[in-house]
Amino acid sequence: MSVNTQDMEIVHRVLRRESRLLVELVAAVAPGDTARAKVIADHFRVYRLGLHNHHEGEDELLWPPLLSRVDLEADIVLRMQAQHERIAATLTRLDAAVPAWEATAGADGRDTLVAALVEHRAVLLEHLDEEEATLLPLAAKHITEQEWASLGDHLVNNTPKLTLLTLFGAVLEDADPAERAIVLSGLPAPVRVIWHVIGRPRYARHIRRVRG
């Protein structure tokens, strides 16, 4: 049993990039600019849904089979679970800070949100780094290809289709040709057509609006 877990590292790259950019984008919003605040807040909600569904898939579909098959390495899985809980706690704080700032785009609310985003990113990066170093090699040895594929299926089935196109664009944005081939090969041919015809230009418009 040896699963290729590279697609997880591609997703993690997106989370690292977007969590960094959210800090920068919020910090750059001028006090009182509620129109701009709404654009960034909406982008945060896309990021938040993608991260939530990604972690929920691991919680439901990856940790249980791993815990049933490992012994001495169980502490790695339990540590990943605990880190998910810490990340969820930072998201709860963001769920309060984002709409509070979005409503008025006030300077105080902006600064509070930036601090919460910085805290969230620090906790997230610690988790992503350790997951890649310790958990992914474990998954490669103990998880079947079907089980691994179910993680992607969970994300697809629990994400609105237009939001899914945005998330797919985010994944492909910094991918090199080999990584793009890995991502695209997992899609049925009709979905690849939808991506090229609708998804790619839609994502380009979204990024222009968000990043200015």
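**Aromatic pairs.** I searched the whole structure, a predicted model, and found 2 aromatic pairs. Phe44 and Tyr47 form a tilted pair, with 6.4 Å centre to centre and 40° between the planes. I checked their places: they sit 3 residues apart in helix α2, so about one helical turn separates them. Both Phe44 and Tyr47 are buried.

I then looked at Phe168 and Trp195. This pair is edge-to-face, at 5.0 Å centre to centre and 85° between the planes. Phe168 is in helix α6 (residues 161–173) and Trp195 in helix α8, so the pair ties together parts 27 residues apart in sequence. I noted that Phe168 and Trp195 are both buried.

**Cores.** Next I looked up the largest nonpolar core, which has 28 residues. Ile40, Trp101, Leu113 and Leu117 touch the most other members. At least two residues come from each of α1 (6–27), α2 (34–69), α3 (74–104) and α4 (107–142). The most come from α4, which gives 7 residues.

I listed the contacts of Trp101, leaving aside neighbours within four places in sequence. They are Val26, Val29, Ala37, Ile40, Ala41, Gly106, Gly109, Arg110 and Leu113. Another core lies apart from the largest one; it has 17 residues, including Trp63, Leu66, Ile143 and Trp148.

**Surface.** Val193, Ile194, Val197 and Ile198 make a nonpolar surface patch of about 350 Å². I placed Val193 in helix α8 (residues 189–211). Why does Val193 count as partly exposed? Its relative accessible area is 49%, and exposed would need over 50%.

Technical notes: Residues numbered from 1 in each chain as written. Predicted model: local features only at pLDDT ≥ 70, side-chain atom pairs only at ≥ 80, totals over all residues. Heavy atoms only, no water. Patch = residues over 30% accessible without salt bridge, like charges linked within 9 Å, V, L, I, M, F, W, Y side chains within 5 Å. Areas by Shrake-Rupley, 256 points an atom, 1.4 Å probe, with all protein chains shown as cover. Salt bridge = Lys/Arg side-chain N within 4 Å of Asp/Glu carboxyl O. Helix = DSSP H or I, 4+ residues; strand = E, 2+ residues; numbered from the N terminus. Buried < 20%, exposed > 50% of the residue type's maximum accessible area, 1.4 Å probe, protein only. Core = buried A, V, L, I, M, F, W, Y, C linked by side-chain atoms within 4.5 Å. Contact = heavy atoms within 4.5 Å. Phe/Tyr/Trp six-rings, centres within 6.5 Å; stacked < 30°, edge-to-face > 60°.
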